[in-house]
Amino acid sequence: MKNAISISIWYNNFLASPKVFLKSMSQPKVFVTRRLPDGGLDRLRFLAEVEVWPERLPPPYELLLEKVKHIDGLLCLLTDRIDRQLIEAGASLKAISQMAVGYDNIDIPVATARGIPVGNTPDVLTDATADFAWALLMAAARRVVEADRFTRAGSWQTWEPDLLLGSSIAGATLGIVGFGRIGQAVARRGAGFNMRVLYFSRHRRDPALEQSIGAEPAEFDVLLGESDFVTIHTSLSEDTYHLFSDRQFELMKPEAILINTARGAVVDPDALYRALSGGKIAGAALDVTEPEPIPLNSPLLTLKNLIVSPHIGSASRQTRLQMAMIAASNLAAGLKGDRLPYCVNPEVYAGGKGE
Ligand code: DGY
């Protein structure tokens, strides 16, 4: 009797397991717009028919527009334009999952109006991106890229008192524009360098948090005028588009260095060229540009006091795998009708499942 009961419990659990349930119905279809790190999609393959775009470059918009008509879930990257037309074409789309923390490439109001949850991958890339902002800051301050070129060109002849002089980091003032997770992680690193850390954000943070991080709030113009290093960690929106333009560079110190690991369009590239070439600021290091990739004929690339990297702020092996796994989990949840673990438009759940 006891045996019969435990077998029946086991059998009921077995039938209720998602594997049996899902395998017994036709699987939802998912399109993934690029190859992701190995293992990143395992969770998704278990419950959906997964098609992965195999090329190095993103799928053309027209192809994506066609694909989206036949899929239940889309896993996309920041290089895919997910606009009104595309979202409206996805008649059976249940979820959109982006493998990035930023999502300015997705028309969120349209997705929300259609009840489609959109996921992103915050947290796991905070430290990697803060580390990279620091790598750029230090490389620009101490002219690491120029020094490497100088050496390879055979120009190193002796130790010279004034060779490749840069700026001190310890004790300098660090201005952080945008004080979310990544901005705060950058601030913590700044405190470790014994810097004065200022931050500008639309919302003042809890003074206890400010104190624990060692950062002071500042008006934007004050931050620009007092900082030796200004680092951008704000998202791109109508308010932050070309937030850095001629007026802002005028306010910065001539010795200041600008770092951008957020979104390229927060900085007006023409104004940046004028500022760097005209000595309004001393240098800049960009991991993001407007447009991306930066055109090879951009005047910015003629400047010695600029470092550019190809949007690799979060590119550590561990971080990219975690981002892929979170993007897959978000999409898996969306396909099952569950709340996305990381949802950027939770309004879609108002009154519905998951509330
Ligand atoms: C993001 O996640 O938004 C970054 O730009 C890429 O990691």
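Where is the place of Asp123? I looked this up first in the predicted model, and I found Asp123 in the loop between strand 5 (118-119) and helix 7. I noted that Asp123 has a positive phi of about 70 degrees although it is not a glycine.

**Entry: cis peptide bonds**

I then turned to the loop between strand 11 and strand 12, where Pro291 is found. The peptide bond leading from Glu290 into Pro291 is cis, and I recorded its omega as near -5 degrees. Pro293 is also placed in the loop between strand 11 and strand 12. For the bond that joins Glu292 and Pro293, I again recorded a cis peptide, with omega about -10 degrees.

**Entry: the ligand**

Which residues surround the ligand? I listed Leu78, Ala100, Val101, Gly102, Leu125, Arg263, His311, Ser314 and Met323. Sorted by class, this shell holds five nonpolar, three polar and one charged residues.

I next looked up the distances from oxygen atoms of the ligand to polar atoms of the protein. For Gly102, I noted 2.9 Å between a ligand oxygen and a polar backbone atom. For Arg263, an N or O atom of the side chain is 2.7 Å from an oxygen atom of the ligand. For Ser314, I recorded 2.6 Å between an N or O atom of the side chain and an oxygen atom of the ligand. The ligand taken alone exposes 230 Å², and the protein buries 90% of that.

**Entry: the second largest pocket**

I recorded about 190 Å³ of space in the second largest pocket. Its lining consists of 18 residues, and I noted Ala140, Arg143, Glu146, Ala282 and Asn305 as those nearest the centre. The lining divides into ten nonpolar, four polar and four charged residues.

Which element gives the most to the lining of the second largest pocket? I found that helix 8 does, with four residues. Helix 7 (126-141), helix 8 (144-152), strand 11 (283-286) and strand 12 (306-308) each supply at least two residues of this lining.

**Entry: salt bridges**

How many salt bridges does the count come to? I recorded 18.

Technical notes. Residues numbered from 1 in each chain as written. Predicted model: local features only at pLDDT ≥ 70, side-chain atom pairs only at ≥ 80, totals over all residues. Heavy atoms only, no water. 1 Å grid on protein atoms, 1.4 Å probe; cavity = no way out; pocket = protein on both sides within 12 Å on 5 of 7 lines; lining within 4 Å. Points joined across faces, edges and corners; volume = space filled by probe spheres on them. Nonpolar A, V, L, I, M, F, W, Y, C, P; charged D, E, K, R; others polar. Near = heavy atom within 4 Å. Polar contact = N/O pair within 3.5 Å; in protein donor to acceptor, adjacent residues only side chain to side chain. Areas by Shrake-Rupley, 256 points an atom, 1.4 Å probe, with all protein chains shown as cover. Salt bridge = Lys/Arg side-chain N within 4 Å of Asp/Glu carboxyl O.
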